[in-house]
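This briefing is a guided reading of a structure, to be followed with the sequence and the 3D view side by side. Please keep both open while you work through the topics below.

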Amino acid sequence: MASVTLEHVKKVYDNKVTAVHDFNLEIKDKEFVVFVGPSGCGKSTTLRMIAGLEDISGGTLKIGDRVVNDVEPKDRDIAMVFQNYALYPHITVYENMAFSLRLRHMSNEEVHKRVCQAAEILGITEYLGRKPKALSGGQRQRVAIGRAIVRDPAVFLMDEPLSNLDAKLRNQMRAEIILLRKRVDTTFIYVNHDQTEAMTLGDRIVIMKDGYIQQVGTPQEVFDTPVNLFVAGFIGSPQMNFLKAKLIKGADGYSVSLLGASIPLNRDQNEALAGKKIGSQDIILGVRPEHTTVLFGQNTNAIECTINVNEMMGSELHLHLTSQNQDRIIVRLPTVDLTAEQRANLNYGSKLYITFPAKVMHLFDPESEKNLIWG
Amino acid sequence: MSTMKKVPEADVMTDNKSGVAPESKIEKTRSKSGHERRVNTAVYVVLIVMSVVWLTPFVFLVCQSFRSFLNEGGGMVPYVIPQKGFSLDNYKALFIKGFTAKKYLVNDLTLQEFFDTLDGDETLARDNAEAAALLRSAAEGRDPAKDTISSVMSAVQKDESVGQDKRDAASAFMRTVFSAARNQRFENDFRQDFNGRFIPWWTKTFVIGACFSLAVVALCILLKRLNENSDQLYRFRLLIMLGILIAAYLCYVLTIKQQMGYAPAAAGDYVQLGIIFLLFALFSLLAVNSFLKREGKLLQQIPGYPPETAWDKIKKAPVLFLEFLAMFVVMTCALIPTENSDYVGWYGNTLTIALFTAVIQTVIVLSVSYALSRLRFKGRKLIMNVVLVLGLFPGFLSMITLYFLLKSLGMTGPGAVPGLILIYCASSGMGYYISKGFFDTIPKSLDESARIDGATRFQVFLKIIMPLAKPIVIYTVLMAFMGPWGDYVFASYVAFGNVPTYNVAVGLYQWVNVADYQGYFTLFCAGGVLVAVPITALFLALQKYYVEGVTGGAVKG
Amino acid sequence: MTDLDYLKLSKPKKLLYRMGAFFKAIPKKTGHFFANLGKKILRFFKGIGAWFAEVFSTFRDGDWKTRLSYLIMGFGSIARGQWGRGVLFLLFQTVFNVYMFFPDASKSGCFYLAKLSTLGTVETQKINRRTVYGDNSFFILLYGVLTLFFIAAFIYTWYQNIRQNRISEQILKSGHKLKTTKEDVTSLMDEQFHKTLLALPTLGVTVFTILPIIFMILVAFTNFDATHQPPGKLFTWVGWDNFRQLLSTDTESYGGTFRQVLLWTLIWAFFATFLNYFLGMMVAIMINKKGIKLKKVWRTILVMTIAIPQFVSLLYVSKMFAQDGLINAYLMKWGWIQSPIPFWTDPMWARFTVILINVWIGIPYLMLIATGILMNIPADLYESARIDGANAFQMYQKITLPYMLFVTGPYLLTSFTGNINNFNVIFLLSGGKPLSMELSGNAGYTDLLITWLYKMTVNDTNYKLAAVIGILVFVVLAVINLITYNLIPSVKNEEDFQ
């Protein structure tokens with residue numbers, strides 16, 4: 001029940017490596033924020049600084065209104081779930097969950113009440129007498145979460161809690177975390193490297209790379225309006241296609257030309273580009289696989305491609321295509337709409353044409369890698 | 001150089017040049033079972049030969065310890081082949097106060113002693129009546145307390161009136177009596193010491209405690225195979241334990257004492273032992289109770305958790321065994337006085353030193369390794385480097401300085417026992433490598449999790465790391481406990497010349513290398529066996545942990 | 001040469017290349033070393049400069065509480081309400097002053113410090129049949145070193161006291177509160193827990209290891225021996241004389257003996273390490289071979305030599321091999337030999353015997369270690385080798401041995417240094433015998449440097465040479481360590497396994 005504010009927070013290790021640069025973020029009370037990014041991007045370091053496990057090299061960190069830079073972890077009123085669960089192997093599940101309460105000299109009755117309550121929520125009551133060794137991965141995960149919720153903390157930190165689970169269990173636990181969040185209404189900070197998880201869980205997503213925040217926004221925002229090449233590539237699966245193209249400033253507005261096709265931009269885009277006084281230049285064009293339209297016949301303003309790989313996913317096909325200048329393009333093709341004949345033609349080496357409307361195009365500057373419109 | 005770092009691994013993986021030709025492979029498969037059998041036989045032969053070589057010295061050691069030092073012909077040739085014949089003389093001698101082998105090996109007796117022996121043994125007197133009469137007549141008029149039988153004998157030898165054969169017979173007869181008299185003298189001393197000073201009440205505890213500890217250790221080894229969790233095992237253990245307790249109690253009070261031919265068990269004996277056992281029971285109960293109280297009580301309230309019975313509580317308490325062991329040993333070491341025979345004193349000294357060292361050294365080593373493994377602070381690397389450099393200096397270099405440091409603290413000579421404890425413990429922090437290596441393998445997230453849960457670093461150490469580090473704690477205790485048993489150098493230097501404060505190693509070394517011509521060799525064997533048996537039993541019982549520590553240490557450095 | 005070129009080489013060539021690379025790197029490394037050293041020295045002096053600057057600026061900028069703390073340690077802390085720290089500082093200062101200026105002038109720190117340069121000048125004399133004790137060089141040296149330690153500790157504490165003041169001032173200025181004594185105490189169980197854990201061990205190591213070592217290093221530069229024994233006689237500084245004596249090239253004096261003993265020490269360490277290593281490994285492989293039964297029994301039998309205290313087993317075995325011992329007695333009884341084998345009286349026999357008996361003691365350790373490692377070798381390595389067509393011996397040669405060597409690299413190193421210092425085996429078995437007229441300083445043919453050092457200390461009370469031997473052992477070990485750290489990859493990697 002507290003907000004978390006990071007102002008110019010910085011982490012420099014002893015060997016002069018800077019893990020986090022100038023991190024600014026305000027997390028509102030009861031918000032679910034997900035830090036996401038590739039490994040080594042500083043997301044875990046940031047979380048550990050919030051937890052108090054790493055010293056803060058610069059800036060201020062507030063939980064609620066209190067500056068906690070030099071406060072010991074135990075006094076920050078936080079709870080944390082670790083990637084490897086960090087259950088104490090030598091004591092029972094019950095004692096694991098009661099550990100923090102006992103350290104706070106809570107009465108036995110109170111401890112018992114809280115542990116049972118948490119166990120009830122997570123459905124692990126019958127395992128309370130066991131030691132962690134005797135539990136399955138999912139159960140351990142639950143215990144780890146239970147150990148955090150008995151505390152009723154102001155901020156709930158989770159460091160890649162699902163990455164040690166297999167795919168099926170992970171999906172299940174993901175849903176449970178969403179439910180849990182509804183029941184224990186508090187501030188969540190969740191660190192993760194999997195964008196799907198981030199998109200499904202977070203109220204807001206913080207995308208990080210090399211110690212810098214790339215973009216902060218709701219899942220929809222970061223999906224629709226990625227500010228740079230990295231965010232665009234990181235969010236969405238399969239990954240966004242990046243094609244070399246040219247932005248041409250004509251008399252009647254801007255258009256994008258690539259591989260013989262020319263696609264005029266829409267009004268919003270034109271305005272944005274004109275507002276930034278951008279002329280004709282080379283660009284990297286980003287198009288999501290699900291936004292392309294596949295045409296089976298010859299078309300004048302479409303791009304000719306050759307099929308390289310055909311991945312059958314059941315409800316849809318993922319086609320890996322090669323265009324003339326060897327750019328690789330992935331497209332998603334729902335299977336319901338395909339006729340048997342069309343499907344039979346989707347073989348290695350056969351040709352097809354793709355096109356996409358202006359509104360799904362993301363234009364990136366090849367130098368700065370920024371989005372020309374939103375960046 | 002840096003690019004070559006990984007090369008040795010690469011060698012393993014890539015070097016496949018020497019593949020075997022397919023033809024030979026087929027042939028091999030055909031003859032495999034026969035070949036395999038031959039190889040196994042060869043291995044067995046080697047192993048059997050090795051076992052024989054490895055065990056032979058110990059077998060001989062035990063054999064020789066049962067060969068009386070009285071029969072060694074004055075002990076002039078001490079290391080000879082063990083002969084047939086079995087005697088407990090060496091073991092008895094270890095417990096005689098003020099024992100010196102000389103006293104029993106001297107080749108002369110007073111007339112008094114001589115004739116007492118003769119009178120005490122009817123068959124001896126009857127079979128050699130003539131020779132005895134000859135000596136008696138020659139001894140007449142002499143002072144029986146002062147004159148020696150040798151002087152009488154030489155008088156007889158010079159006496160021309162007696163025939164040569166008779167003189168020879170007398171001489172042979174006298175040698176027989178010598179031997180019998182020595183045995184008699186030894187037996188008397190032993191009885192007197194055993195009856196008089198050897199058995200104050202705390203020593204009884206020692207005897208029983210030692211037997212008991214051994215039995216428990218042996219039992220643990222025996223029962224290791226059974227399933228650790230089965231109720232049967234626990235019940236069995238409990239029964240056996242009770243049985244041993246009662247047996248030891250009765251055995252001492254009723255049997256040993258009376259068998260020795262001394263006063264029957266008095267009411268006092270029962271009371272003394274009763275109090276000790278009561279204390280034990282109380283102590284154990286308290287400890288076990290506090291150990292189980294919290295968990296047991298709370299778990300019962302959890303829905304679906306089976307209610308805990310009294311039996312559940314008991315079976316969770318293998319601690320009980322360790323407690324008993326520890327209590328006995330502690331009491332023993334606290335109460336062994338210097339009034340005993342040298343050997344018992346040395347044993348007690350060593351035990352005291354070993355116990356204190358085990359406790360203090362373990363605390364120090366674990367503290368240091370925890371600090372260096374888990375805590376990050378300025379100067380951590382410096383400390384590790386300094387220790388590395390210090391480790392390259394030979395330990396004995398500092399011996400004389402240590403001696404004078406201890407001397408200024410009054411901890412040499414008579415104060416050698418605390419002095420040695422201080423020496424063994426003071427620098428023990430330098431041996432942190434192995435346990436630090438172990439701590440390094442415990443995931444750090446456990447510490448972090450506990451700290452977020454509200455534990456101070458001290459609580460993390462005590463409540464999280466210590467219970468998880470059990471194997472290495474046991475290893476450290478074991479090593480610290482065994483160390484002092486074998487230390488000769490510091491022990492001899494610190495206790496220099498002060499016999500009561502020797503440890504077993506110094507005492508026995510002196511027997512072999514300084515006084516061996518006096519026939520102490522078999523005594524050394526007996527003393528060595530008494531040291532080796534409990535230590536070996538302890539070691540074998542805890543072998544698992546030793547292996548864990550040693551291999552971990554070797555792999556990590 | 002690229003990595004790929006390197007991989008193409010045959011095994012001996014690879015070794016040659018690595019050796020070559022090592023020696024080629026020596027000049028560069030030496031250069032680096034001295035450059036680093038220079039930098040370090042420079043940094044050291046800069047640090048001292050900064051230190052004085054800090055002490056000065058703290059005085060200049062500080063308030064009166066801080067300034068008074070320069071004289072009365074802990075004053076500032078007490079005045080600011082941190083009485084716990086303050087009292088400790090004050091206590092330390094008091095103890096230090098009492099020690100340095102003890103009323104009995106001949107027992108004060110200053111006295112010892114003043115005499116340190118001469119180690120005493122007043123001889124013990126007999127006047128009218130009464131002994132009048134003069135200076136005791138031994139205590140002057142010992143307590144002189146102790147005083148130096150104390151002074152260093154005092155300067156450090158004094159500086160901490162000043163720094164404490166400065167930090168406190170800063171904290172107060174920024175509007176925060178200072179830690180109370182109670183908080184200080186609780187922090188010793190938490191943030192400052194390392195201080196609690198390490199205080200006692202550090203004190204122990206300082207007094208019982210570092211102090212004696214420095215003392216003995218200093219003794220190496222004096223003439224402290226049987227003829228200069230305090231309290232009766234004085235000893236004094238002699239510079240490098242003792243080193244010259246021990247390292248002299250003529251064969252008559254200690255020089256020849258030293259070379260002889262050093263050579264034997266290295267030979268011994270080599271055999272004791274590698275013989276045990278390979279034999280132990282073979283035994284482990286035999287016991288762990290598939291299809292061998294009673295594995296535990298074999299292991300337990302071998303482990304007996306570790307379990308039984310060495311002074312029992314080694315002393316007994318040493319007597320078994322004696323002239324009139326069991327071995328000779330049996331051999332003569334069976335008529336295999338006519339006269340006893342001189343196990344301990346012939347130099348070569350004695351050396352052979354100690355190495356042999358050391359195998360008996362040493363194999364079990366290696367067997368245990370090798371067993372642990374053998375079990376850790378991933379089974380799929382063997383399976384894949386078998387599919388590639390390797391037979392048992394090839395698998396041993398190509399997988400087991402390299403794996404073992406790689407993993408146990410650091411152990412081999414510690415084991416080698418351990419064997420150089422393997423006192424127990426030599427002392428209990430042969431006691432360094434057989435002695436010889438050709439060797440000086442009571443050394444025998446099986447004496448290691450360490451046992452010789454022991455004899456020098458205990459039997460000859462030739463402390464000065466004992467100290468020199470100790471220093472030389474250190475040098476030998478340091479050299480061996482440095483070389484291997486640079487040559488064995490796993491030793492080097494071991495440093496950063498964390």
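This is a predicted model: local features need pLDDT of at least 70, side-chain atom pairs count only at pLDDT 80 or more; totals for chains, interfaces and linings use all residues.

In which helix of chain A is A:Cys116 found? A:Cys116 belongs to helix H3 of chain A, the helix made of residues 108-122.

- Although A:Cys116 and A:His320 belong to one chain, they stand 204 residues apart along it, and their C-alpha atoms are separated by 52 Å.

**Chain A as a whole**

- The secondary structure of chain A consists of 10 helices and 20 strands, and its C-alpha trace spans about 80 × 50 × 35 Å along the principal axes.
- Chain A has 375 residues, of which 41% are buried.
- When the contacts of chain A with a separation of 6 or more are considered, 66% of them are between residues 24 or more positions apart.

**The two domains of chain A**

- Chain A is divided into domain 1, residues 4-233, and domain 2, residues 234-364, and the C-alpha centres of these two domains of chain A lie 39 Å apart.
- Where the two domains of chain A touch, 12 residues of domain 1 are in contact with 10 residues of domain 2.
- On the domain 1 side of this contact in chain A, helix H6 (195-201), helix H7 (219-224) and helix H8 (229-234) each supply at least two residues, and H8(A) provides the largest share, with five residues.
- Sorted by class, the side of domain 1 of chain A that touches domain 2 of chain A has eight nonpolar and four polar residues, with no charged residues.

**Chain C: overall form and domains**

- The secondary structure of chain C comes to 21 helices and two strands, and 34% of its 498 residues count as buried.
- The radius of gyration of chain C is 30 Å, while a compact globule of 498 residues would have one near 23 Å.
- The C-alpha atoms of chain C fill a box of roughly 90 × 75 × 50 Å along the principal axes.
- Of the contacts in chain C between residues at least 6 apart in sequence, 61% join residues at least 24 apart.
- The domain assignment of chain C gives domain 1 (3-48), domain 2 (62-239) and domain 3 (254-494), and the C-alpha centres of domain 2 and domain 3 of chain C lie 43 Å apart.
- The contact between those two domains takes 10 residues from domain 2 of chain C and nine residues from domain 3 of chain C; on the domain 2 side, the residues divide into six nonpolar, three polar and one charged.

**Where chain B meets chain C**

- The contact between these chains takes 85 residues from chain B and 93 residues from chain C, and helix H3 of chain B, residues 32-65, gives the most to the chain B side, with 12 residues.
- The side of chain B that touches chain C has 57 nonpolar, 19 polar and nine charged residues.

**Packed helices in chain B**

- Two packed helices are described by the angle between their axes and the distance between the axes.
- In chain B, the axes of helix H16 (residues 342-374) and helix H23 (residues 470-486) come within 8 Å and cross at roughly 140°, and the crossing of H16(B) and H23(B) is right-handed.
- The residues that meet include B:Ile353, B:Ala354 and B:Thr357 in H16(B), and B:Val477, B:Ala480 and B:Phe481 in H23(B).
- By class, the contact of H16(B) with H23(B) has 11 nonpolar and six polar residues and no charged residues.
- Helix H25 of chain B, residues 504-513, is mostly covered, since eight of its 10 residues are buried, among them B:Leu508, B:Tyr509 and B:Trp511.
- The buried residues of H25(B) pack against H16, H23, helix H24 (489-494) and helix H26 (521-541) of chain B, together with helix H13 (310-320) of chain C.

Note on methods: Residues are numbered from 1 along each chain as its sequence is written. Chains are lettered from A and ligands numbered from 1 in the order in which they are written. Helices (H or I, at least four residues) and strands (E, at least two) are DSSP runs, numbered from the N terminus. The radius of gyration is taken over C-alpha atoms; the globule rule is 2.2 Å times the number of residues to the power 0.38. A residue is buried if 20 or more other C-beta atoms lie within 10 Å of its own, exposed if 12 or fewer, and partly exposed in between; C-beta atoms are placed from the backbone. Two residues are in contact if their C-beta atoms, placed from the backbone, lie within 7 Å. Domain bounds come from an automatic or database domain assignment. Ala, Val, Leu, Ile, Met, Phe, Trp, Tyr, Cys and Pro count as nonpolar, Asp, Glu, Lys and Arg as charged, and the others, Gly among them, as polar. Axes are lines fitted to C-alpha atoms, for helices over the stretch in contact, and angles run from 0 to 180 degrees between N-to-C directions. A crossing is left-handed if the near helix is turned anticlockwise from the far one by less than a right angle, and right-handed if clockwise.
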